[in-house]
Amino acid sequence: MGFKKSQKLYEKGLVNLVGAVNSPVRAFTSVGGNPLFIKRGRGSQIIDVDGNKYVDLVLSYGPMILGHRHKKVQKAVHKALKNGYSFGASTENEITLAKIVCDAFPGMDKVRFVNSGTEAVLSGVRLARAYTGKDKIIKFSGCYHGHQDSLLVAAGSGLATLSIPGSKGVPKEAVKNTLIATYNDLDSVKKHFEEHSDIAGVIIEPVGGNMGVVIPQNGFLKELKDFLHTKGALLIADEVMTGFRSKFGGAQELLGAEADITCLGKVIGGGFPVGAYGARNEIMECVAPLGGMYQAGTLSGNPIAMAGGISTLKELKRQNPYEKFSHIGERIETILLHAGKKYNVDVTVNRFGSMMNPFFTKVAVTNFAQAQTSDTSKFAIFFWEMIKNGVFLPPSQFEAWFLSSAISEEDISKIENAVDKSFQKIQESQ
Ligand SMILES: *Cc1c(COP(=O)(O)O)cnc(C)c1O
């Protein structure tokens with residue numbers, strides 16, 4: 001397996017792009033070597049510019065839940081393209097996607113579409129402040145909520161991989177209303193409420209996905225929500241990653257905690273740039289033009305992106321692959337744990353629906369500090385051996401792997417073989 005063409009493109013890319021990537025999570029900083037350039041994808045697989053074929057467990061960091069180039073999505077997008085690209089005026093598809101999304105979330109009467117997860121969350125947080133008239137927001141360390149200033153602290157994968165504590169260029173004033181709590185630790189939230197009276201809400205990934213997969217412990221979300229309501233504060237669920245991944249709708253429902261405000265992205269665009277935030281009528285009525293909270297977007301509700309989202313969600317509903325996801329996830333978990341035993345490599349596997357990943361540590365991982373006990377040098381060996389055996393993973397210990405509904409038995413065999421080879425390689429290095 002050669003990477004010559006990727007190497008050439010990487011060198012070329014360095015000239016006019018920053019690190020030859022448009023998102024730092026795509027850089028290979030923590031695993032060594034250079035990023036691969038992808039030529040095309042089909043179903044569960046992608047092919048790089050050198051012609052190497054991989055089972056894709058990155059899936060564009062989540063959106064490609066049906067796999068690549070699903071025929072129905074392609075057809076819907078082609079059809080939309082014929083009518084024009086963007087109008088700056090309403091189109092019927094916006095109403096169609098809004099209904100699909102609102103129907104899937106019991107706590108959502110209205111939704112506003114934006115262009116990315118980052119935009120969805122920054123707007124959702126603004127809405128919590130507008131509705132409560134309070135300024136402070138609590139976030140959990142290890143959770144990532146996009147790259148807006150105020151939430152770019154203790155923010156998980158991208159930063160953890162590059163060992164950046166926060167971000168340069170974020171003024172102190174921008175984070176002075178951000179309080180940090182510990183995932184799965186309600187007391188760490190309560191403590192902030194004892195010290196501050198102006199907390200608008202708590203933002204959380206209902207299943208952590210940006211410090212690796214971290215699952216809320218029994219009752220944590222429900223207790224959090226009940227506590228917040230005694231304080232008049234809102235629960236903001238950042239379901240940009242989890243939305244439509246574990247069920248048709250949100251992970252919040254599976255976990256028994258209906259959020260006040262929900263933020264979405266990734267899957268709802270099916271690979272096109274769509275984000276969204278939504279809530280009950282009384283909360284959404286704060287948003288302009290009905291209310292005084294301003295939020296706008298030239299390309300928001302873009303007709304091509306809406307067509308991608310509608311066709312993806314319709315097909316997803318039809319396929320209903322969630323039981324399959326859970327079953328395949330369990331098999332891959334077994335494969336990883338078995339290899340760990342066989343080659344005497346410490347490994348912990350966390351999994352929720354179609355999101356999962358191994359941590360190279362022997363401790364249980366229920367928060368960011370525990371995730372960080374992982375041996376990232378082992379991950380780097382693992383990563384490259386998986387690549388060489390035809391499985392494409394995110395180049396970071398702290399990213400979730402994703403399953404697509406297009407995954408086949410052949411893909412699972414390929415994963416099993418690659419995992420075995422990779423753990424053997426780790427053992428040889430110990
Ligand atoms: C990916 C992600 C975001 C940011 O979405 P972008 O589309 O990358 O801006 C926000 N929150 C969570 C939980 C995410 O996984």
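## Basis of the model

Residues are numbered from 1 along each chain as its sequence is written, and side-chain values use heavy atoms, with hydrogens and water left out. Because the model is predicted, local features need pLDDT of at least 70 and side-chain atom pairs count only at pLDDT 80 or more, while totals for chains, interfaces and linings use all residues.

## Salt bridges

Side chains of opposite charge can pair when their charged atoms come close. A salt bridge is taken here as a side-chain nitrogen of Lys or Arg within 4 Å of a carboxyl oxygen of Asp or Glu, and by this rule the count comes to 13 salt bridges. One of them joins Lys 222 to Asp 226, with the closest N and O atoms 2.9 Å apart. The two residues are four positions apart in helix α8 (residues 220-230), so about one helical turn separates Lys 222 from Asp 226; helices are DSSP runs of H or I with at least four residues, strands are runs of E with at least two, and both are numbered from the N terminus. Lys 222 is partly exposed at 41% relative accessibility, and Asp 226 is likewise partly exposed at 38%, where buried means under 20% relative accessible area, exposed over 50%, and partly exposed in between (1.4 Å probe, protein chains only).

A further salt bridge brings together the side chains of Glu 282 and Arg 280, at 3.1 Å from N to O. Glu 282 has a relative accessible area of 43% and is partly exposed, as is Arg 280 at 25%.

## A network with a buried member

Glu 315 and Arg 318 also meet through their side chains in a salt bridge, with an N to O distance of 2.9 Å. They are three residues apart in helix α11 (residues 303-319), and are therefore separated by about one helical turn. Glu 315 is buried, at 3% relative accessibility, whereas Arg 318 is exposed, at 55%. Together with Lys 72, Glu 315 and Arg 318 are linked in a network of salt bridges.

Lys 71 is placed in helix α2 (residues 71-83) and is exposed, with a relative accessible area of 63%. Its C-alpha atom is separated by 10.0 Å from that of Arg 42, a residue 29 positions away along the chain.

Ser 6 lies in helix α1 (residues 4-16) and is buried, at 1% relative accessibility. Leaving aside residues up to four places away in sequence, Ser 6 touches Pro 35, Leu 36, Phe 37, Val 49 and Asp 50, a contact meaning heavy atoms within 4.5 Å.

## Ligand surroundings

An oxygen atom of the ligand is 2.6 Å from an N or O atom in the side chain of Thr 118, and a backbone N or O atom of Gly 117 lies 2.9 Å from a ligand oxygen. A nitrogen atom of the ligand is 3.2 Å from a polar backbone atom of Tyr 144. Taken alone, the ligand exposes 380 Å², of which the protein buries 82%, with accessible areas computed by the Shrake-Rupley method with a 1.4 Å probe.

Terms used:
A polar contact is a pair of N or O atoms within 3.5 Å; within protein, one must be able to donate a hydrogen and the other to accept it, and residues adjacent in sequence count only if both atoms are side-chain atoms.
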